[in-house]
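Biologist: I am new to this structure. Could you walk me through it, please?

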Amino acid sequence: MKGMGMMPQQRRKSMSEINVVPYIDVMLVLLVIFMVTAPMLTQGVKVDLPETTSDPIQQDKDVESITVSVDSNGAYYLEVGDDASEPMALDEVRNQVAKILSQRSNGEVLVRGDEYVDYGVVVRLMAELQAAGATGIGLITDAPNDNQ
């Protein structure tokens, strides 16, 4: 039967290579999406921090920081890790900080006070934080601009 014009069937060799070009395209698209959306994820309260030269505070990387912000109107905001709160009264801040610090061994709290807020507002906040159990209170500032 070989001679009757029928061609023997050829076996195709299986291809053992993986085409990675589509995977690279997907990864590049994801990279662009994350680069565009990352700046939009930053949360917090708009505070004009006073500028001064100081050494950075050394913090544990394992412990989420507790930050209490005071805006220029004197409103208090509690920020634990990346979670920011709505404006709250001073006694609410004290109660929330006391609850958080009762579950932690580290009693450090950071204060972000607006440059234009009354000095007494920040001092009252610091006194309430000490009453809540904060053993160390740090003040957050911005580095001064040399352009001014």
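Predicted model: local features only at pLDDT ≥ 70, side-chain atom pairs only at ≥ 80, totals over all residues.

Biologist: Let us turn to the core. Which residues of the largest nonpolar core touch the most other members?

Modeller: That core has 21 residues, and those touching the most other members are Val 68, Leu 78, Val 93, Val 97, Val 109, Leu 125 and Leu 129. At least two core residues come from each of strand 1, strand 2 (76–80), helix 2 (90–102), strand 4 (108–113) and helix 3 (119–131). Helix 2 gives the most, with five residues. As a general point, nonpolar side chains in soluble globular proteins tend to be buried together.

Biologist: What is Val 93 in contact with, leaving aside its neighbours within four places in sequence?

Modeller: Val 93 is in contact with Val 68, Tyr 76, Met 88, Leu 125 and Leu 129.

Biologist: How do helix 2 and helix 3 cross?

Modeller: Two packed helices are described by the angle and the distance between their axes. Here the axes of helix 2 and helix 3 come within 9 Å, crossing at roughly 35 degrees. The crossing of helix 2 and helix 3 is right-handed.

Biologist: Which residues meet there?

Modeller: From helix 2, Leu 90, Val 93, Arg 94 and Val 97 take part, and they meet Arg 124, Leu 125, Glu 128, Leu 129 and Ala 131 of helix 3. Sorted by class, this contact has six nonpolar and three charged residues, and no polar ones.

Biologist: Staying with helix 2, is Leu 101 buried or exposed?

Modeller: Leu 101 is in helix 2, and it counts as buried because its relative accessibility is 8%, below the 20% cut-off. The C-alpha atoms of Leu 101 and Gly 133 are separated by 6.7 Å, although these residues are 32 apart along the chain.

Biologist: Changing topic, where is Ser 69 found?

Modeller: Ser 69 belongs to strand 1, which spans residues 66–70. Ser 69 counts as buried because its relative accessibility is 0%.

Biologist: What does the side chain of Ser 69 join up with?

Modeller: There is a polar contact of 3.2 Å between the side chains of Ser 69 and Arg 112.

Biologist: One last residue. Where does Tyr 77 lie, and is Tyr 77 buried or exposed?

Modeller: Tyr 77 lies in strand 2. With a relative accessible area of 12%, Tyr 77 is buried.

Biologist: Which side chain does Tyr 77 make a polar contact with?

Modeller: The side chain of Tyr 77 makes a polar contact of 3.3 Å with the side chain of Asp 71.

Terms used
Residues numbered from 1 in each chain as written. Heavy atoms only, no water. Helix = DSSP H or I, 4+ residues; strand = E, 2+ residues; numbered from the N terminus. Buried < 20%, exposed > 50% of the residue type's maximum accessible area, 1.4 Å probe, protein only. Polar contact = N/O pair within 3.5 Å; in protein donor to acceptor, adjacent residues only side chain to side chain. Core = buried A, V, L, I, M, F, W, Y, C linked by side-chain atoms within 4.5 Å. Contact = heavy atoms within 4.5 Å. Axes fitted to C-alpha atoms, helices over the stretch in contact; angles between N-to-C directions. Left-handed = near helix turned anticlockwise from the far one by under 90°. Nonpolar A, V, L, I, M, F, W, Y, C, P; charged D, E, K, R; others polar.
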